[in-house]
Amino acid sequence: MSITTHRMTFPLSASDARKLRAGDQVIIDGEIIITAGLPTHARFLDCLDGKEPFPMNLHGASLFHLGSYSRETEGQFEILYINPTTSTRFNPHMPRLIRELQLHATGGKGGLDEASAQAMQEAGCVYLSFLGGGCTLLSQAIEQVLEVGWTDMLTHYRVVRLRVKGLGPVTVGIDAHGNNLYARIHEAAQEQLKSGA
């Protein structure tokens, strides 16, 4: 089976997201937004409910579940490394965020649930699977920290907008057409269990 690799500019548009298929690989250039915090995602929902403003414009963004190790020096926020965190932790938050913010790309590791996948089909959004433990490779792609939101939170819970070049390759784990590599693996494992293999 041949793998198709796409080099794409982010934030990803809905039309570009719909061109991708589960199993494709993507190399990311452009702007992404990262955070690893459950409290951050809960706060996003508060923003949607009008309880406070968003820390930056997230509409149509590419929002990734990437943790970071960072420091502030001389008033500058420096990201020393990024690494994916498990996206399934955010299942309760993601369907609404995908729909209402019209996210066209999200990702991390481990995939998202069926409710999120349904929202992705509606919005024209893909889930990109990052290499777990690949922080050295991933971190080399950071070009610039563009914006940091919610500096009152722990550094890895903050919302950070980055400019990256050559981030990846990452794999399309769930596409905008309902194809889901995680569901396929789960189904295959269930079949093996049933057959006693």
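User: How many aromatic pairs does the structure hold?
Analyst: This is a predicted model, and it holds 5 aromatic pairs. One of them is Phe-44 with Phe-54: the ring centres are 6.2 Å apart and the planes sit at 35°, so that pair is tilted.

User: Where do Phe-44 and Phe-54 lie?
Analyst: Phe-44 is in helix α2, residues 38-48, and Phe-54 is in the loop between α2 and β3. The pair therefore ties together parts that are 10 residues apart in sequence.

User: And is Phe-44 buried or exposed?
Analyst: Phe-44 is buried, at 0% relative accessible area. Phe-54 counts as partly exposed, because its relative accessibility is 25% and buried means under 20%.

User: OK, what about Tyr-69 and Tyr-81, are their rings stacked or tilted?
Analyst: Stacked, because the planes are at 20° and the cut-off for stacking is under 30 degrees. The Tyr-69 and Tyr-81 ring centres are 5.8 Å apart. Tyr-69 lies in strand β3 and Tyr-81 in strand β4 (residues 76-84), so this pair links parts 12 residues apart in sequence. Tyr-69 is partly exposed at 47%, and Tyr-81 is also partly exposed, at 37%.

User: Which residues form an aromatic cluster?
Analyst: Phe-10, Phe-64 and Phe-130 form one. Phe-64 touches both Phe-10 and Phe-130, and its other contacts include Ile-28, Ile-32 and Leu-128.

User: Switching to the largest nonpolar core: which members touch the most others?
Analyst: Phe-10, Ile-28, Ile-32, Phe-64 and Leu-128, out of 26 residues. Strands β1, β2, β3, β4, β6 and β8 each supply at least two residues of this core, and β8 gives the largest share, with 6 residues. There's also a second, separate core of 25 residues, with Leu-58, Ala-61, Leu-97 and Met-153 among them.

User: Why would nonpolar side chains be buried together?
Analyst: As a general point, that's how they tend to sit in soluble globular proteins.

User: New topic, His-65. Buried or exposed?
Analyst: Buried, because its relative accessibility is 0%. His-65 lies in strand β3, which covers residues 62-73.

User: What polar contacts does the His-65 side chain make?
Analyst: One is with the side chain of His-41, at 3.3 Å. Another joins the side chains of His-65 and Ser-87, at 2.7 Å.

User: And what else does His-65 touch?
Analyst: Leaving out residues up to four places away in sequence, its contacts include Thr-35, Asn-83, Pro-84, Phe-90, Met-94 and Gly-108. Thr-35 is also among the residues that Phe-64 touches.

Methods
Residues numbered from 1 in each chain as written. Predicted model: local features only at pLDDT ≥ 70, side-chain atom pairs only at ≥ 80, totals over all residues. Heavy atoms only, no water. Helix = DSSP H or I, 4+ residues; strand = E, 2+ residues; numbered from the N terminus. Buried < 20%, exposed > 50% of the residue type's maximum accessible area, 1.4 Å probe, protein only. Polar contact = N/O pair within 3.5 Å; in protein donor to acceptor, adjacent residues only side chain to side chain. Contact = heavy atoms within 4.5 Å. Phe/Tyr/Trp six-rings, centres within 6.5 Å; stacked < 30°, edge-to-face > 60°. Core = buried A, V, L, I, M, F, W, Y, C linked by side-chain atoms within 4.5 Å.
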